[in-house]
Amino acid sequence: MELLPTIWFIAIAVLWTGYLFLEGFDLGVGMLMKLFARNNTERRVLLNTVGPVWDGNEVWLLTAGGATFAAFPLWYASLFSALYLPLLVVLVALIFRAVAFEYRGKVDTEQWRTRWDWAIALGSFFAAFGVGAALALTTTGLPLNANGDREGGPFAWFNGYAVLGGLAVAGFALVHALAFLALKTDGDIRHRARRWFVRLLPALLLPIAAWAVTVQVLEGKPWTWALVLLAVAAAAMAWSMARKGSEGKAFVALGAFLALGSASIFGAAFPVVLPSTLNAAFDLTISNASSSDYTLGLMTVVAAFGLPLVIAYQAWTYWVFRKRVSAAHIPEAHSFLPAIAAKALTTKG
C-alpha cells in the first residue's frame, strides 16, 4: 500500500475527528440555546462559553475539506458533487449561525433575541446533521458509476445511513456540549448540565454507536472491532466520572470515545475512501483517488510546519479563556442601536 496516500488518509481522518471534537461541543451549545437555557441570562452564559473559540473551531472543517481536495481530488469531486444539496444546507446553516452570533446582542428586545436564538439553534442542528450524513455516506457508499459520478436524482443520497449519520453527529454534539458546559460554567447551569449529561448520554450516543457497528458489520476488521469495544468502555467511563462530579475526566473520556469510534470507522473503511453502492469495482480508494506523490510529498512538508502552529495557537486560545463562566459574570443587556431603529427592526409588518 502506498505510504503517502495512507499518511494523508490518516491525516484527513484526524482532521475530521478534530472537527467533530472541537466544533461538536459548540454546535451542541447552539442547539441547547432553546433546549436547555431557561432565560436570556443563561443563553448569554452559553454564548460566552463558546464565544472566543467557535469560529476557530470551524477552521478544522475547512482544513479537512481542503486536505481532501488536495490529497484525494477524485474523492473530493465525487463526494461534493454527489452531496451538493446536503452540503449546501450545511453551508447556509453555518452562515445563519455565524450571523446570529454577531447580531443577537445588537438590539435589547425579546423579539429580536428570540429570532436569532432560533437561528443559532436550527443552524447548529442542520450543520451537525448535514456533516453527519455526509460522513456516514462516505463510509457506507453512494450510487457512483465508473466515472465517479452519482447515478439518480438530487435525493439519491438520502437513505437510512444518511439519517443515522446525521442523528449520530447531532446526538454526540448535544452530549458533548453538556459535558463542556459542566466543565466551563458554574452555578446552577453547571450542575444541571452534569445531570442532563448523566441522564441522556446512553440515548444520545446510541446513533453514533450504531453507525460504528454498522460499518464494522460491512467492512470491519478484528482490530477495528476492538476499537469499538474500547470506545464503549470510554463512554461508560465518561458516564461514571460525571456521576462522581469529575467533569474534566468525563470530558476527556468522551473525547476518547470519539477518537476510538472515529478510528474504528475510518479503519474499517480503509483503503476505500468512497464506496460505490452500484458496483465494488467503482469504489474510490487511496490508490485511484489520490494526487501524485510529488503533490502529497509537498503537502506533507507544509503540514509538518503549519499544523503544529495551528494546534499551538488554538491550544493557547483555550488556555487564555479557560476559566468558568456563570450568570454573575453577565452584565446588563443593552442595545447598540437607537431606540427608533431598534423598534423598526423588531416591529412586524
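Predicted model: local features only at pLDDT ≥ 70, side-chain atom pairs only at ≥ 80, totals over all residues.
Leaving aside neighbours within four places in sequence, asparagine 57 is in contact with Tyr19, Leu22, Glu23, Phe25, Asp26, Gln314 and Tyr318.

**Asparagine 57**
- Asparagine 57 lies in helix α3, which covers residues 54-57.
- With a relative accessible area of 0%, asparagine 57 counts as buried, because that class takes in values under 20%.

**The nonpolar core and Trp211**
- The largest nonpolar core has 104 residues, and those that touch the most other members are Phe197, Trp211 and Leu254.
- When residues up to four places away in sequence are not counted, tryptophan 211 touches Leu135, Ala136, Thr139, Leu164, Ala168, Val169 and Ile265.

**Helix α7 against helix α10**
- Helix α7 (residues 110-140) packs with helix α10 (residues 206-219) at an angle of about 15 degrees, and their axes are 10 Å apart.
- Because angles under 35 degrees fall in that class, α7 is roughly parallel to α10.
- The crossing of these two helices, α7 and α10, is right-handed.
- On the α7 side the contact is made by Leu135, Ala136, Thr139 and Thr140, while α10 contributes Trp211, Val215 and Leu218.
- Sorted by class, the contact of α7 with α10 holds 5 nonpolar and 2 polar residues, with no charged residues.

**Helix α8 against helix α10**
- Helix α8 (residues 160-184) packs with α10 at an angle of about 135 degrees, with the two axes 7 Å apart.
- The helices α8 and α10 are therefore oblique to each other.
- In this pair, α8 passes α10 in a left-handed crossing.
- From α8, the residues Tyr161, Leu164, Leu167, Ala168, Val169 and Phe172 meet Pro207, Ile208, Ala210, Trp211, Thr214 and Leu218 of α10.
- The contact of α8 with α10 divides into 11 nonpolar residues and 1 polar residue, with no charged residues.

**A cis peptide bond**
- Most peptide bonds are trans.
- The peptide bond from phenylalanine 270 to proline 271, however, is cis, with omega near 5 degrees.
- Proline 271 is found in the loop between α12 (247-269) and β1 (272-274).

Notes: Residues numbered from 1 in each chain as written. Heavy atoms only, no water. Core = buried A, V, L, I, M, F, W, Y, C linked by side-chain atoms within 4.5 Å. Buried < 20%, exposed > 50% of the residue type's maximum accessible area, 1.4 Å probe, protein only. Contact = heavy atoms within 4.5 Å. Axes fitted to C-alpha atoms, helices over the stretch in contact; angles between N-to-C directions. Helix = DSSP H or I, 4+ residues; strand = E, 2+ residues; numbered from the N terminus. Parallel < 35°, antiparallel > 145°, perpendicular 65-115°, else oblique. Left-handed = near helix turned anticlockwise from the far one by under 90°. Nonpolar A, V, L, I, M, F, W, Y, C, P; charged D, E, K, R; others polar.
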